[in-house]
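Welcome! Take a moment to look over the sequence and the 3D view, and then we can walk through a few features together.

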Amino acid sequence: MNKIEVKGLYKAYSDKGRRINGYDECRLPEGSTVLHDINLSIKRRSFTCFVGPSGCGKSTLLRIMAGFEHPTKGWVFIDGMPVNGPSPRHIFVFQEDGLLPWMTTRENVALGVRDIKDSDERRRRIIEYIELVGLKGFEDHYPHELSGGMRRRAEVARALITNPDILFMDEPFGALDFLTRLQMREEMINVHMMFDTTILFITHDIDEAIQLGDQIVILSERPTNLRADIPLAFPHPRDFTKGGLAALRRDIYFQMGIHTAL
Ligand SMILES: Nc1ncnc2c1ncn2[C@@H]1O[C@H](COP(=O)(O)OP(=O)(O)OP(=O)(O)O)[C@@H](O)[C@H]1O
Ligand SMILES: [Mg+2]
């Protein structure tokens with residue numbers, strides 16, 4: 001069984017942003033349809049990247065899959081069960097800083113293990129995850145004392161320490177500089193190999209998607225449908241300047257409507 005199935009999913013907003021119950025295209029003001037008949041299958045433990053034009057509905061789609069929003073029509077199934085709301089096993093990492101500014105790295109990461117009663121076990125896990133993301137030595141720093149990349153790492157640690165079943169990441173490295181982003185990509189590949197987590201990852205960067213994804217979902221302009229759904233069975237680390245991956249990269253850029261030589 002696939003981990004996630006999206007079937008005949010539509011999302012429309014009224015012009016005032018009110019939710020529209022029951023989908024009747026004839027009655028909707030023009031331009032209000034965001035997602036239009038999205039169908040998707042996502043495998044257990046896979047790393048799926050979503051790319052598409054700004055405003056096409058990537059964040060909306062992820063929020064619906066995570067149960068934060070209801071679709072206007074259609075379904076999302078996780079492990080064969082329809083999604084009706086958020087789950088503590090499904091963790092969201094947003095583009096903006098999500099750390100609590102009045103808490104240190106250790107305290108922020110500790111939020112992910114509030115449920116562990118044994119304080120020694122809790123302490124051990126916090127240390128383990130802070131080390132995993134390379135923040136040893138910065139346990140007692142506050143977010144404003146960390147770099148952008150370090151703050152992202154702390155957030156990844158806080159997400160992973162909960163042992164999430166699904167990790168939703170909405171442009172998590174969008175605000176980072178190029179080199180830090182490259183480094184974070186490598187770390188995500190390692191993290192994905194170490195954990196059983198299914199990862200859904202939005203990015204504006206096609207190369208980032210090619211480097212990370214087992215599956216790349218390309219969304220169209222609004223009303224948004226799937227422009228392409230591409231499986232990527234290339235081993236890591238990936239060099240997209242060579243061989244089959246280079247050809248695939250050209251093809252993906254072409255499908256995005258970018259025809260300049262790359
Ligand atoms: N609550 C809402 N009410 C009305 N319209 C909304 C609401 N949420 C999203 N939208 C509209 O839905 C469209 C898709 O938004 P969404 O944030 O999902 O796009 P996106 O693909 O994530 O864009 P970006 O790449 O810029 O982050 C946008 O045009 C937005 O204006
Ligand atoms: Mg978005």
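## Two packed helices

Is the crossing of helix 4 and helix 5 left-handed or right-handed? The crossing of these two helices is right-handed, a label used when the near helix is turned clockwise from the far one by less than a right angle. Helices here are DSSP runs of H or I with at least four residues, strands are runs of E with at least two, and both are numbered from the N terminus. The contact involves Gly149, Arg152, Arg153 and Leu160 of helix 4, together with Thr180, Gln183, Met184, Glu187 and Val191 of helix 5; contact means heavy atoms within 4.5 Å. Sorted by class, this contact has 3 nonpolar, 3 polar and 3 charged residues. Ala, Val, Leu, Ile, Met, Phe, Trp, Tyr, Cys and Pro count as nonpolar, Asp, Glu, Lys and Arg as charged, and the others, Gly among them, as polar.

Two packed helices are described by the angle between their axes and the distance between the axes. For helix 4 (residues 148-160) and helix 5 (residues 178-194), the angle is about 15 degrees and the axes are 11 Å apart. Axes are lines fitted to C-alpha atoms over the stretch in contact, and angles run from 0 to 180 degrees between N-to-C directions. The two helices are therefore roughly parallel to each other, a term for angles under 35 degrees.

## About the model

This is a predicted model, in which local features need pLDDT of at least 70 and side-chain atom pairs count only at pLDDT 80 or more, while totals for chains, interfaces and linings use all residues. Residues are numbered from 1 along each chain as its sequence is written, chains are lettered from A and ligands numbered from 1 in the order in which they are written, and side-chain values use heavy atoms, with hydrogens and water left out.

## The largest pocket

Strand 6 (90-93) and helix 4 each supply at least two residues of the lining of the largest pocket. Strand 6 gives the largest share, 4 residues. By class, the lining has 11 nonpolar, 4 polar and 5 charged residues.

## Loops worth a look

Now for the loops. A cis peptide bond joins Arg222 and Pro223, with omega about -10 degrees, and Pro223 sits in the loop between strand 9 (215-219) and strand 10 (226-231). The bond from His236 to Pro237 is also cis, with omega near -5 degrees; Pro237 is in the loop between strand 10 and helix 7 (243-255).

Asp79, in the loop between strand 4 (73-78) and strand 5 (81-82), has a positive phi near 50 degrees.

Note on methods: Parallel < 35°, antiparallel > 145°, perpendicular 65-115°, else oblique.
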